[in-house]
Amino acid sequence: MTDRGPGAPVRVALLGCGTVGGEIVRLLSEQAGDLAARVGAPVELVGVAVRRPHRHPELPEGLVTTDAATLVGRPDVDVVIEVIGGIEPARTLLLEALKAGKSVVTANKALLAEDGAALAEAADASGADLYYEASVAGAIPLLRPLRESLVGDRITRVAGIVNGTTNFILSSMASSGAGYADALEEATRLGYAEADPSADVDGYDAASKAAILASLAFHTRVTAADVHCEGIRNVSAADIAAADGLDCTIKLLAICERLEDGGDGESVSARVYPAMIPKTHPLASVDGAFNAVFVEADAAGQLMFYGQGAGGAPTASAVLGDLVAAARNIVVGGRGPRESTYARLPVRAIGAVCTRYHVSLEVADRAGVLAAVASAFAEHDVSIAAVRQYGGGRNGKAGRSGAVRLVVVTHAAPDAALASTVEALGDLDAVRGVEGVLRVEDLGRSVSALGVTG
Ligand code: HSE
């Protein structure tokens, strides 16, 4: 970091100039006057590291380099902004910057979720700032509220939709009746899904975000490896229709909860999976590529954050907010909030996490089947809340094979107990197939549409 005289500019190096980086360059130029007034000194972009300079004729001459390490090491750089993503070379570059006392602003959720501890320790060692608002839910101010506004409260749950691609796909399936493959194809054609959609559709992107949210909310280091993660590839049009029939919709949820373990003991759960939620819940009406997150805290009650979770300009907005915060600290000689992991709560394994389930079975239509199915649930201590049968009986529509569909909705039960129940159901003669198992999340509200309360 440079020795500062009064009015000296805050010098910024940008690593990466894709969709987000390009918007950062534009906003830094277009809003230079306002940014200087808000920071108390000019904010000057001194270099942009890219892999293919010929693809960036729009960048001012002299700023572009392919040598990110040398740019980061320049003694006149005060702040390093990283929007290249991935673990390496981002980790090495940011650690070098922090060790040298340069503030870092990053949107890199994968790196933060895998090795945020190393970045935080390097920042603490040198007294540099580490800001990462853009890493979760794009433009939505969420991490600063958790880190600062709500730091005097006791947060009990952070849950929501933090991946726009999967929300677009699920919304499209719900509105058109399309299957997963067709909805994914549409998302790819419209530019919402990447050519390799795995990070989004398999839930990894949301899991990284859940790790970051849980760490901040519960003052506990939670990594991506601690987050139970299931994606949306197996969500079928039949699942969507079943949810609709119960006045529910299916969303890919990231859920971070503080759980009571009895006595004074507490643990945290961080998990990502598709789940049915009642249509009456505000998250159910979050459609398309939008994100929305519910935060619940003892004193504040329920808060909802909603907006654009991805895209160049929205993500750049979050980056610029962090840049102004870091630059102000440099100008006045202060420091932003440090990492807080003092609570060190254990992370509860998914098998011990309780939720409700919607289990769809194809069963033989004959006497005693319901009793056998109910016994399988009872033997594993999973309490049934509601049962519906579709087809069958004298006036029913049992297929030629005499099979009908049975839907069982349970009360809250541990994940491991439900998994054992499903295995036992599969072994029953009367069960032709377990067609679908979906979690039902009421997120603090009663699932009245399913006839389930409490
Ligand atoms: N790919 C993410 C999404 C945005 O679809 O929401 C970046 O995290």
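User: With which side chain does the side chain of D205 make a polar contact?

Analyst: This is a predicted model, in which local features need pLDDT of at least 70, side-chain atom pairs count only at pLDDT 80 or more, and totals for chains, interfaces and linings use all residues. Residues are numbered from 1 along each chain as its sequence is written, and side-chain values use heavy atoms, with hydrogens and water left out. A polar contact is a pair of N or O atoms within 3.5 Å; within protein, one must be able to donate a hydrogen and the other to accept it, and residues adjacent in sequence count only if both atoms are side-chain atoms. At 3.3 Å, the partner of D205 is the side chain of K109.

User: Is D205 buried or exposed?

Analyst: Buried means under 20% relative accessible area, exposed over 50%, and partly exposed in between (1.4 Å probe, protein chains only). The relative accessible area of D205 is 11%, so D205 is buried.

User: How far is a polar side-chain atom of T165 from an oxygen atom of the ligand?

Analyst: For K109, an N or O atom in the side chain is 2.8 Å from an oxygen atom of the ligand. For D205, the corresponding distance is 3.0 Å. For T165, it is 2.5 Å.

User: How are the rings of F168 and Y192 arranged?

Analyst: Rings of Phe, Tyr and Trp (its six-membered ring) pair if their centres lie within 6.5 Å; planes under 30 degrees apart count as stacked, over 60 as edge-to-face and the rest as tilted. The centres of F168 and Y192 are 4.3 Å apart and the planes are at 25°, so the pair is stacked.

User: What is the relative accessibility of Y192?

Analyst: F168, its ring partner, is buried with a relative accessible area of 11%. Y192 counts as partly exposed, because its relative accessibility is 38%.
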